[in-house]
Amino acid sequence: MATTRSGDGWTVEVDDGVMVWEFLPGMELSAFGDEAYETFEELLGRERIHSMVTVVKLDDPFSPDVFEVWERSAQRADAAGIERWAVVAEGIKAISLRGKVDTGGLDVLTAEDRTDAVEWAGE
């Protein structure tokens, strides 16, 4: 049975060991750094998660503050035993994220198609 949560500009679903996040246009960093991250920690503590997918639909370019939150999330996921992280974003956003975030031991895929990313994460 899937677990679903949502907040101000984000949604998350955990199904069959894959955590799928969507960050929507207009989302504020405060919601990402506080509300969404708290939910991330809670789910890591009570769900069996082996992979995560992050669908980035944010309008604004990534700022250094946002990269810090992405990096903290990737390092926490790695420490929790998550093996794979797929990032779904349009071209430059995905390339930018992958090049600027220390993802620890995670196997990372950047993609423009959500379906491909979820399939890869579920393998």
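**Aromatic cluster**

I looked for aromatic side chains that group together in this predicted model. Trp10, Trp21, Phe23, Tyr37 and Phe40 form one aromatic cluster. I then searched the whole structure for aromatic pairs and got four. One of them is Trp21 with Phe23, and this pair is stacked. I noted 5.6 Å centre to centre and 5 degrees between the planes. Trp21 and Phe23 are both buried.

Next I took Tyr37 and Phe40. Their ring centres are 5.5 Å apart and their planes stand at 50 degrees. I call the pair tilted, because that angle falls between the 30 degrees under which planes count as stacked and the 60 degrees over which they count as edge-to-face. I also checked where the two sit in helix 1. Tyr37 and Phe40 are three residues apart there, which puts about one helical turn between them. An α-helix has 3.6 residues a turn, so residues three or four places apart point the same way. Tyr37 has 12% relative accessibility and Phe40 has 3%, so both are under the 20% limit for buried.

**Ser73**

Which residues does Ser73 touch, leaving out those up to four places away in sequence? I found Tyr37, Phe40 and Met52. Ser73 itself lies in helix 2, residues 64–79. Its relative accessible area is 11%, so I list Ser73 as buried.

**Nonpolar cores**

I went to the largest nonpolar core next. It has 31 residues. Met19, Phe23, Trp70 and Trp85 have the most contacts inside it. I traced where the core residues come from. Strand 2, strand 3, helix 1, strand 4, helix 2 and strand 5 each supply at least two. Helix 1 gives the largest share, seven residues. In soluble globular proteins, nonpolar side chains tend to be buried together.

I listed the contacts of Met19, setting aside neighbours within four places in sequence. Among them are Val12, Val14, Phe40, Leu43, Leu44, Ile49, Met52 and Val53. Glu13 and Ser51 are also in contact with Met19.

There is a second, separate core of nine residues. It includes Val18, Val20, Val88 and Ala117.

**Helix 4**

Ala117 took me to helix 4, residues 114–122. Ala117, Trp120 and Ala121 are buried there. Viewed down the helix axis, the buried residues fall within an arc of 100 degrees, so they line one face of helix 4. What covers them? I found that the cover includes strand 3, strand 4, strand 5 and strand 6.

I also checked the start of helix 4. A side-chain oxygen of Asp113 comes within 3.2 Å of the backbone nitrogen of Thr115.

**Asp107**

I placed Asp107 in strand 6. Is Asp107 buried, partly exposed or exposed? At 38% relative accessibility it is partly exposed. Beyond its neighbours within four places in sequence, Asp107 is in contact with Glu83, Arg84, Trp85 and Trp120. I also took a C-alpha distance. Asp107 and Ile82 are 25 residues apart along the chain, and their C-alpha atoms are 9.3 Å apart.

**Strand 1 and strand 2**

Last, I looked at how strand 1 (residues 3–7) meets strand 2 (residues 10–15). The two run antiparallel and are joined by five bridges. Thr4 stands opposite Glu13 of strand 2. The two strands form a hairpin with two residues between them. In the turn, Gly9 has a positive phi of about 90 degrees.

Definitions and conventions: Residues numbered from 1 in each chain as written. Predicted model: local features only at pLDDT ≥ 70, side-chain atom pairs only at ≥ 80, totals over all residues. Heavy atoms only, no water. Buried < 20%, exposed > 50% of the residue type's maximum accessible area, 1.4 Å probe, protein only. Helix = DSSP H or I, 4+ residues; strand = E, 2+ residues; numbered from the N terminus. Arc of directions from axis to C-beta. Contact = heavy atoms within 4.5 Å. Polar contact = N/O pair within 3.5 Å; in protein donor to acceptor, adjacent residues only side chain to side chain. Pairing = 2+ DSSP bridges. Core = buried A, V, L, I, M, F, W, Y, C linked by side-chain atoms within 4.5 Å. Phe/Tyr/Trp six-rings, centres within 6.5 Å; stacked < 30°, edge-to-face > 60°.
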